[in-house]
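Let's take a tour of this structure, one spot at a time. Have the sequence and the 3D view open as you read.

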Amino acid sequence: MSDHGAKRSSLAASAQAMGRGVQSLWLLAALLVVWEIAARLAGSLFVPPVSQIFVAFVDTWLSGSPSSLFLSDQFRVDVLPSLARLGLGYGAAAAIGISAGILIGVWRPAGAFFNPLIRLGMSVPVTALLPIAIVLFGITSGMNVFLIALGCLWPILINTYDGVRGLDRTVVTAARSMRLTRRRYFLQVLLPGASPAIFVGMRISIGIALVLMVISELYAATAGLGFYIVSQQRLFRFPELWAAIVLLALLGILFNAIFAVVERVLLRWHRNVRPEGAEGH
Amino acid sequence: MSDVRVSHPVKADVPAPSPSGVPTAARRRGPTPDWAYGLAGIATMFVVWELVVRTGAVSADSLPYPAATMRRAGELLVDATFLTEVAQTLWAWLLAMLAASAVGIPLGLTLGYFSAFYRPSSSVVHAGRSIPSSAFLPIAILLFGLGTQMKVSLAIYAIFWPILLNAMYGVRDTEPLMLATGRSMGWGRTRLLTRVVLPSAAPSIATGLRVASSTALIVVLSAELLGATSGVGTVITTYQQAQRPDFVYAGILLVGLLGMALYYGFNLVERLVVPWGQAQRESGR
Amino acid sequence: MNPVTIQPHQPGPGTDTPMLAVQELGKSYPSRKGDVLAVRSIDFAVHAGQFVSVVGPSGCGKTTLMMCIAGLLPITTGNVMFRGERMSGPRDGVAVVFQDYSRSLFPWLTVEKNVALPLRDRGLPRTEIRDRVRESLEMVGLAHAAALHPWQLSGGMQQRVAIARGLAVRPEMLIMDEPFASVDAQTRASLEDLLLKVWAETGTTVLFVTHDIDEAVYLSDRVVVLSQGPSVVVEDLPVELDRPRDQIATKQTALFGELRENVYSLVMASQRRTSLSGDPH
Ligand SMILES: Nc1ncnc2c1ncn2[C@@H]1O[C@H](COP(=O)(O)OP(=O)(O)OP(=O)(O)O)[C@@H](O)[C@H]1O
Ligand SMILES: [Mg+2]
């Protein structure tokens with residue numbers, strides 16, 4: 001469509017955006033108010049009112065100096081190691097999952113060879129491997145990274161495989177008729193064609209990565225958000241515990257938002273070719 | 001040079017992905033059928049496993065021999081206590097699935113159907129599902145103790161969101177043309193709902209349930225490993241503390257098979273109940 | 001071997017090897033209940049510079065035949081000879097325009113990059129590629145759309161991009177499979193005239209597959225009529241209409257009406273004798 005109308009009035013546009021914000025956030029706000037009131041009335045020790053959680057959140061995570069972006073020492077001690085494990089595990093899963101998924105998607109015998117092993121591997125609930133991971137790695141970050149990587153591997157691998165296998169036949173035939181070199185076929189046909197599916201896998205995995213990061217740190221760690229949550233529970237400091245949960249939620253929202261942006265930029269063509277939008281999961 | 005060009009021979013003989021499993025030229029004429037490769041894959045895994053232990057690359061204290069693991073798996077399968085614990089796990093899984101769908105599906109349908117609710121509720125859903133369920137474990141233990149109730153409530157939290165979200169999307173994505181067709185035939189709200197909206201949302205709902213099914217198992221198991229007093233997870237922990245890796249691995253193998261059984265069972269039911277959801281199922285393989 | 005052959009087409013008299021010779025070509029698809037015969041036995045030849053159409057009822061095996069000729073499907077029986085050489089796969093010098101334009105263009109590439117793709121990795125200098133892309137886009141009147149993505153174009157424009165992509169390699173032979181089947185009548189007429197113009201300018205040999213009898217007669221030097229599938233050649237009909245042709249004037253001539261009726265009755269007759277085998281000659 002034309003761009004002329006878009007910049008008609010930035011004032012009207014921002015008013016509209018604000019309206020949309022109110023429209024989409026009023027329910028969330030209302031639920032938080034209900035929580036506040038219910039928690040005050042019930043006086044539960046375990047579920048403190050929102051206001052207390054908010055105070056604890058600011059005290060725990062945002063009490064740092066401006067030079068450190070207001071992030072507190074606690075943030076450095078517990079959040080950064082968690083994020084590092086998450087990044088390493090997720091990165092390894094993406095690297096292995098995408099390359100292996102492409103390999104078994106392109107080379108049929110490899111696909112048939114690994115098929116039963118992959119089915120078994122993805123069926124084992126990753127957390128069941130916690131005891132083994134502890135034996136293999138001890139209580140080290142390697143254990144957390146291993147678990148995160150393994151949990152994220154399967155969705156990325158399977159979706160990449162599906163993306164490669166599901167490449168439009170016409171697209172593949174057209175590419176064949178042009179006799180592209182292997183490299184060019186890979187970079188300009190196979191990879192972009194499979195990328196929507198790869199992204200689906202990577203988006204599913206980021207949620208799994210967070211869950212596994214927390215679980216593995218609850219199970220055994222000497223620092224990290226999961227570790228922090230357990231220690232606050234032992235100390236009966238529930239506002240602080242909930243503040244950690246809120247931080248996790250914010251991380252989750254942040255990761256999803258990053259994904260949405262990257263996807264919008266890289267997969268603009270996909271959105272436009274098939275505007276049906278929302279995927280199943 | 002023309003010899004660097006490839007004509008992607010893999011695809012050449014396999015013109016159609018042949019979803020119905022119709023044997024294609026490659027599969028029929030080709031020297032090795034798929035299942036043979038699959039068997040070779042499994043065999044290779046066992047050989048590598050055996051070699052890794054035998055050569056001492058990994059000590060037998062942490063990784064048992066495959067034969068021993070298989071034997072222990074056989075023993076566990078006829079062990080009444082083990083089976084009871086499996087039943088405990090499945091029971092928690094089932095309760096969570098039932099409770100989450102009983103609330104999630106109708107709520108999702110409603111929120112998706114009335115556009116006034118859609119936007120505000122989706123921001124709540126996105127906030128809710130961004131919290132990793134595992135973070136609630138310490139609180140859940142305090143609130144609900146170490147029994148089934150704790151496992152179930154944790155699992156419900158984890159699977160409520162995908163079920164709800166998929167029901168919402170399913171209704172939202174109803175083909176407008178189909179709705180228009182229904183209206184042109186003079187159908188009222190109720191008929192549109194039962195004849196158009198529900199059937200077209202069904203595949204998406206099924207996808208949500210399938211995702212939920214494996215997530216619920218993972219969460220229940222995690223709760224068992226991290227504190228609960230019943231279920232397969234506790235058995236595995238016990239054997240680990242008793243330094244019996246052979247039983248630990250056998251237990252994990254059986255849990256894997258259980259996960260696989262749930263997955264395929266689910267696919268089968270889905271195929272029978274929502275046969276028109278083929279396309280979506282394909283992509284979720 | 002010179003990757004892209006830029007020879008002008010050979011003049012007809014003097015050479016008796018046709019550019020393309022299809023000899024007793026048969027193709028069957030394997031299926032669970034034995035092989036399904038799609039093409040029984042096809043014989044015809046195309047000489048350099050000719051415009052030859054293949055018509056036949058829907059499902060008679062036109063796409064199959066075209067894919068076999070282009071080397072994109074393995075042949076079951078018979079031979080396809082290109083300049084006297086047996087074709088055993090896709091080759092340079094033969095470009096294909098597919099029936100389903102919306103899927104044969106790569107949605108993740110711009111129009112320009114789509115057209116340039118078959119020219120890459122062939123030792124052509126960048127400037128040469130750029131010039132050829134511009135030239136072929138100009139030929140189809142789409143120079144202004146170079147930076148757009150296929151999904152930003154109308155169906156007719158997309159099909160013109162597909163044609164431009166075929167022309168960019170300066171093919172000796174252009175194979176087109178019902179290229180205008182899914183565009184509206186006016187667009188179709190203008191695309192037909194565009195194709196005739198480009199054909200006259202470049203001297204490329206064209207093998208044009210269609211189920212539209214008017215279109216086949218209007219465009220071609222010869223029309224090869226196929227039977228109901230599994231197909232055989234029913235008739236190989238010369239079309240001696242004057243060139244340049246005109247959508248109104250040509251179609252009003254008596255000869256056009258005669259040819260069209262002729263082809264029509266051949267197609268109908270072959271449909272009535274559906275399951276009768278054998279050569280109708
Ligand atoms: N990949 C395939 N596997 C099995 N059979 C096929 C395959 N492709 C085509 N066929 C069969 O071969 C026959 C010819 O198909 P083809 O697509 O070549 O026809 P067509 O003349 O191009 O039809 P249309 O005019 O509709 O495009 C049909 O009976 C079809 O069912
Ligand atoms: Mg066809």
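## Where chain C meets chain A

Between chain C and chain A, ten residue pairs are in polar contact, with both partners at pLDDT 80 or more. That score comes up because this is a predicted model.

How many residues does each chain put into the contact? Chain C gives 25 residues and chain A gives 21 residues. The two chains bury about 2200 Å² between them, and 64% of that is on carbon and sulfur atoms. In chain C, the residues that lose the most area to chain A are Arg103(C), Trp108(C) and Trp151(C), which together make up 31% of what that side buries.

Charged partners show up here too: the interface of chain C and chain A has three salt bridges. For one you can look up yourself, find Arg179(A) and Asp92(C), whose closest N and O atoms are 3.4 Å apart. That pair counts as a salt bridge because the cut-off is 4 Å.

## The magnesium ion

Now go to ligand 2, a magnesium ion. Which protein atoms are its donors? They are OG1 of Thr63(C) and OE1 of Gln99(C), lying 1.9 to 2.6 Å from the ion. These two come from distant parts of the chain, 36 residues apart: Thr63(C) belongs to helix 1 (residues 62–69) of chain C, while Gln99(C) sits in the loop between strand 6 (94–97) and helix 2 (101–104).

Most residues other than glycine have a negative phi, and most peptide bonds are trans. A few places here go the other way. The peptide bond from Arg243(C) to Pro244(C) is cis, with omega near -5°. You'll find Pro244(C) in the loop between strand 10 (231–238) and helix 8 (249–252) of chain C.

Phe236(A) has a positive phi, near 60°. Its place is the loop between helix 9 (225–234) and helix 10 (238–266) of chain A, and Phe236(A) is partly exposed at 45% relative accessible area. In chain B, look at Gln243(B), where phi is also positive, near 55°. Gln243(B) lies in the loop between helix 11 (232–241) and helix 12 (245–273), and counts as exposed at 65% relative accessibility.

Methods:
Residues are numbered from 1 along each chain as its sequence is written. Chains are lettered from A and ligands numbered from 1 in the order in which they are written. This is a predicted model: local features need pLDDT of at least 70, side-chain atom pairs count only at pLDDT 80 or more; totals for chains, interfaces and linings use all residues. Side-chain values use heavy atoms; hydrogens and water are left out. Donors are N, O and S atoms within 2.8 Å of the metal (3.2 Å for Na, K and Ca); water is not among the atoms, so sites may look incomplete. Helices (H or I, at least four residues) and strands (E, at least two) are DSSP runs, numbered from the N terminus. Contact means heavy atoms within 4.5 Å. Buried area is the accessible area (1.4 Å probe) that two parts lose on being put together, summed over both. A salt bridge is a side-chain nitrogen of Lys or Arg within 4 Å of a carboxyl oxygen of Asp or Glu. A polar contact is a pair of N or O atoms within 3.5 Å; within protein, one must be able to donate a hydrogen and the other to accept it, and residues adjacent in sequence count only if both atoms are side-chain atoms. Buried means under 20% relative accessible area, exposed over 50%, partly exposed in between (1.4 Å probe, protein chains only).
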